[in-house]
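Notebook open, model loaded. I want to see how the two chains sit together, and I'll jot down each thing as I look it up.

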Amino acid sequence: VADDQADAVLVERAQRGDRAAFAALVERYQQPLGSYLWRLTRDRELALDLTQDTFLRAYRAVAATSPGLLVRPWLYRIATNLAYDEFRRRRRFKRVVVGALEPPPGQDESVAVEEREVVHRALARLRPTDRAVLLLCAVEQLSYREVGVITGSSPEAVRKQFTRAKERFRLAYAEVVPKSLSQAS
Amino acid sequence: LRRDERVHHRLALLRISEPPIDVVDRVQERLDRVARPRPLLKPARVALLALSLVAAGLLVGSNAAFRRKVRSLGARLVV
């Protein structure tokens with residue numbers, strides 16, 4: 001609630017053209033938004049560009065927003081729509097880059113790193129809409145209501161979509177998981 | 001339920017590592033660029049100048065008193 005109030009104050013100041021207030025919003029949300037976009041695209045440069053474009057679009061739109069704006073879902077909605085546009089433009093639906101495995105520092109961690117890469121591969125097999133709902137609900141830990149604001153659906157519809165997306169993810173994971181890892185986990 | 005828990009556990013692994021994201025300067029720079037009035041492009045400046053000269057010529061040419069003055073000045077010079 002305190003965060004929401006702080007956001008509301010910053011938005012109000014930004015509406016009056018206060019650039020420092022808008023910069024404070026950027027500081028606050030750039031990391032979570034950028035990480036979300038990186039997980040969605042698996043492309044750091046693209047995630048940086050989309051994060052920047054999200055804030056530029058938000059700056060242009062902030063004057064027209066009404067009081068009581070939920071800043072976090074509003075920004076995630078802009079970011080998600082920009083990512084969808086980019087997927088459509090680049091026809092990346094099936095061409096999401098899956099990064100190379102990071103060097104494992106230890107035995108236990110290497111299993112976690114490998115498993116994380118498998119999770120990324122499984123996510124890359126899903127439709128962008130399923131991927132976004134999984135990331136927003138399970139990784140970003142937004143509420144169904146907030147995700148509903150982002151996707152333009154009711155909280156109940158989000159819950160159903162999340163359940164379906166989890167099932168699709170489970171099947172995709174089973175397809176890409178190497179035998180060594182499935183035995184380990 | 002366990003299957004569901006496993007899915008949540010796997011997705012939670014994505015939170016462990018994320019690249020640092022810093023776009024504050026980039027955003028500020030872009031906003032500065034948008035806010036700054038853009039100078040007119042060179043061809044646009046030339047076209048504007050030419051248009052102003054034509055407009056001034058037409059304005060002066062359409063003034064009968066000015067035409068008479070120029071004619072008498074010209075005649076005096078010839079004489």
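This is a predicted model: local features need pLDDT of at least 70, side-chain atom pairs count only at pLDDT 80 or more; totals for chains, interfaces and linings use all residues.

**Entry 1: chain B by itself**

What percentage of the 79 residues of chain B count as buried? I get 16%.

Next I looked up the secondary structure of chain B, which comes to four helices and zero strands. Read from the N terminus, the order is α-α-α-α.

**Entry 2: how much of B touches A**

I counted contacts next. On the chain B side 25 residues are in contact with chain A, and on the chain A side 39 residues take part.

For the area, I wrote down about 3200 Å² buried between chain B and chain A. Carbon and sulfur atoms give 60% of that. Which residues of chain B lose the most area to chain A? They are B:Arg10, B:Leu14 and B:Ile21, and together they make up 22% of what the chain B side buries.

**Entry 3: charges and polar pairs**

B:Arg10 turned up again when I went through the salt bridges. Its side chain meets that of A:Glu115 in one, at 3.4 Å from N to O. The count between chain B and chain A is five salt bridges. I also looked up polar contacts across this interface and found 18 residue pairs, with both residues at pLDDT 80 or more.

Where on chain B does the touching side come from? The elements giving two or more residues to it are α1 (2-12) and α2 (24-35). I sorted that side by class as well: 12 nonpolar, four polar and nine charged residues.

**Entry 4: one residue on the A side**

Last, I picked A:Gln52 and went over to chain A. A:Gln52 lies in helix α3, residues 44-61 of that chain. Is A:Gln52 buried or exposed? The relative accessible area of A:Gln52 is 8%, and the cut-off for buried is under 20%, so A:Gln52 counts as buried.

Then I asked what A:Gln52 is in contact with, leaving aside its neighbours within four places in sequence. The list reads B:Val23, B:Arg26, B:Val27 and B:Arg30.

Definitions and conventions. Residues are numbered from 1 along each chain as its sequence is written. Chains are lettered from A and ligands numbered from 1 in the order in which they are written. Side-chain values use heavy atoms; hydrogens and water are left out. Contact means heavy atoms within 4.5 Å. Buried area is the accessible area (1.4 Å probe) that two parts lose on being put together, summed over both. A salt bridge is a side-chain nitrogen of Lys or Arg within 4 Å of a carboxyl oxygen of Asp or Glu. A polar contact is a pair of N or O atoms within 3.5 Å; within protein, one must be able to donate a hydrogen and the other to accept it, and residues adjacent in sequence count only if both atoms are side-chain atoms. Ala, Val, Leu, Ile, Met, Phe, Trp, Tyr, Cys and Pro count as nonpolar, Asp, Glu, Lys and Arg as charged, and the others, Gly among them, as polar. Buried means under 20% relative accessible area, exposed over 50%, partly exposed in between (1.4 Å probe, protein chains only).
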